[in-house]
Amino acid sequence: MPPPDSGGSDATGAVWVVIDTNWALDLLLFSDPGAAPLHQALQRGRAQWLATAAMRAELARVLGYPRLAAHMQTRALCAEAVLAAFDILTLTRPAAAFAGVRCRDADDQIFIDLAVAHRANLLS
């Protein structure tokens, strides 16, 4: 993943990213080939995934949907394993203040707020 033109990064130069729940599912559950470069960047420390407790709670809630539960069962995964992978790949930050940009989908507001607060790339 190339660094953004401007934006947040850590002392090692890792690009900060905020990843919404759909992307998180692509990374952690579906192993979507389109998300593979991001997954590699996270594993190699070239990207740092910023998240909040509320983002983790949303992922936990979504993993309980029957369709996703069935998919996890076919892949011999459980919600706890997906959440453990989330915990390994994320750097937990406090919830961010309202960024001044209102999202039509209220569930997505926390992702926008965190990305703006840290000048991070938002994958949604």
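Here is a walk through the fold, from the whole chain to its sheet, helices and core. Please keep in mind along the way that this is a predicted model.

Let us start with the overall layout. The chain's secondary structure amounts to six helices and four strands, and reading along the sequence gives the pattern β-α-α-β-α-α-α-β-α-β. With a radius of gyration of 14 Å, close to the 14 Å that the globule rule gives for 124 residues, the chain is as compact as a globular protein of that length. Along the principal axes, its C-alpha atoms fill a box of roughly 40 × 30 × 20 Å. The accessible surface is about 7,000 Å², and carbon and sulfur atoms make up 55% of that. Of the 124 residues, 35% count as buried. Contacts also reach across the sequence: among those with a separation of 6 or more, 68% link residues 24 or more positions apart.

Now turn to the sheet. The four strands make an open, parallel sheet, and its order is E3-E2-E1-E4. Strand E3 (90-92) and strand E4 (121-123) stand at the edges; each has a single partner strand, so one side of each is left without a neighbour in the sheet. On average, and ignoring direction, neighbouring strands are turned by 40° against each other. As a reminder, strands of a sheet pair through backbone hydrogen bonds, either parallel or antiparallel.

Strand E1 (residues 15-19) and strand E2 (residues 47-51) run parallel and are joined by four bridges. Here tryptophan 16 has glutamine 48 in E2 as its bridge partner, and valine 18 stands opposite leucine 50 in E2. On the other flank of the sheet order, E1 pairs with E4 in the parallel sense over three bridges, with valine 17 opposite asparagine 121 in E4. E2 and E3 also pair in the parallel sense, over three bridges, and there tryptophan 49 has threonine 90 in E3 as its bridge partner.

Helix H2 (residues 36-43) packs on it, touching E1, E2 and E4, and the direction of H2 makes about 95° with that of E2. Helix H6 (residues 109-118) lies across E1, E2 and E4 as well, and H6 runs at about 170° to E1.

The interior ties these elements together. In soluble globular proteins, nonpolar side chains tend to be buried together. In this model the largest nonpolar core has 33 residues, and Leu42 and Trp49 are those with the most contacts inside it. Two or more residues come from each of E1, helix H1 (21-28), H2, E2, helix H3 (53-63), helix H4 (66-74), helix H5 (79-89) and H6. E1 gives the most, with five residues.

Alanine 85 and leucine 27 are 58 residues apart in sequence, and their C-alpha atoms are 9.6 Å apart in space.

How values were computed: Residues numbered from 1 in each chain as written. Predicted model: local features only at pLDDT ≥ 70, side-chain atom pairs only at ≥ 80, totals over all residues. Heavy atoms only, no water. Pairing = 2+ DSSP bridges. Axes fitted to C-alpha atoms, helices over the stretch in contact; angles between N-to-C directions. Contact = heavy atoms within 4.5 Å. Rg over C-alpha atoms; globule rule 2.2 N^0.38 Å. Buried < 20%, exposed > 50% of the residue type's maximum accessible area, 1.4 Å probe, protein only. Areas by Shrake-Rupley, 256 points an atom, 1.4 Å probe, with all protein chains shown as cover. Core = buried A, V, L, I, M, F, W, Y, C linked by side-chain atoms within 4.5 Å.
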